[in-house]
Amino acid sequence: MRSLRNFVKSMSQKFALTCNNIGLAGASRLRAECKTADGDTLGTYINLDEHVANIDGTLKFE
């Protein structure tokens, strides 16, 4: 789980300026509240199982 947290932390540096309440929802969903182009806030998530794989002990984003 520590590697996943490090992954989330490194990814959050890219979008943290426009998203808040970033974290895990369950074991495989990255959730955040992000600003839209018109300034509204939208709750959103990414299913990490669809985008992150364990390749021989290393997390890879696909």
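Biologist: How many disulfides does this predicted model hold?

Modeller: The count comes to 1 disulfide. Cys19 and Cys34 form it.

Biologist: What makes Cys19 and Cys34 a disulfide?

Modeller: Their sulfur atoms lie 2.1 Å apart. The cut-off is within 2.5 Å, so the pair qualifies.

Biologist: Why is the disulfide of Cys19 and Cys34 called right-handed?

Modeller: Look at the torsion about the S-S bond. For Cys19 and Cys34 the torsion is about 105°, so the disulfide is right-handed.

Biologist: Which parts of the chain does the pair link?

Modeller: The pair links distant parts of the chain. Cys19 belongs to strand 1 (residues 19-24), and Cys34 belongs to strand 2. The two cysteines are 15 residues apart.

Biologist: Is Cys19 buried or exposed, and how do you know?

Modeller: Its relative accessibility is 7%. Buried means under 20%, so Cys19 counts as buried.

Biologist: And Cys34, buried or exposed?

Modeller: Cys34 has 15% relative accessibility. That value is also under 20%, so Cys34 counts as buried.

Biologist: Let us turn to the sheet. What is the order of its strands?

Modeller: The order is 1-2-3, in an open sheet of 3 strands with antiparallel pairing.

Biologist: Why do strand 1 and strand 3 stand at the edges?

Modeller: Strand 1 and strand 3 each have a single partner strand, so one side of each is left without a neighbour in the sheet. From one strand to the next, the twist averages 15°.

Biologist: How do you know that strand 2 and strand 3 pair?

Modeller: There are 7 bridges between strand 2 and strand 3, in the antiparallel sense. Pairing needs at least two bridges, so these strands pair. Across from Leu30 stands Ile46, in strand 3.

Biologist: Where is Asp38?

Modeller: Asp38 sits in the loop between strand 2 (29-35) and strand 3.

Biologist: What makes Asp38 exposed?

Modeller: Its relative accessible area is 62%. Exposed means over 50%, so Asp38 is exposed.

Biologist: Which residue does the side chain of Asp38 join by a polar contact?

Modeller: Thr36. The contact between the two side chains is 2.4 Å. The limit is within 3.5 Å, so the distance passes.

Biologist: Where in the chain is confidence lowest, and where is it highest?

Modeller: It is lowest in helix 1 (residues 2-15), at a mean pLDDT of 61. It is highest in strand 3 (residues 41-47), at 95. The mean for the chain is 84, and 79% of its residues reach 70 or more.

Biologist: Why does low confidence matter to a reader?

Modeller: Where pLDDT is low, the predicted coordinates should not be read in detail.

Key. Residues are numbered from 1 along each chain as its sequence is written. This is a predicted model: local features need pLDDT of at least 70, side-chain atom pairs count only at pLDDT 80 or more; totals for chains, interfaces and linings use all residues. Side-chain values use heavy atoms; hydrogens and water are left out. pLDDT is the predictor's confidence in each residue, from 0 to 100. Helices (H or I, at least four residues) and strands (E, at least two) are DSSP runs, numbered from the N terminus. Buried means under 20% relative accessible area, exposed over 50%, partly exposed in between (1.4 Å probe, protein chains only). A polar contact is a pair of N or O atoms within 3.5 Å; within protein, one must be able to donate a hydrogen and the other to accept it, and residues adjacent in sequence count only if both atoms are side-chain atoms. Axes are lines fitted to C-alpha atoms, for helices over the stretch in contact, and angles run from 0 to 180 degrees between N-to-C directions.
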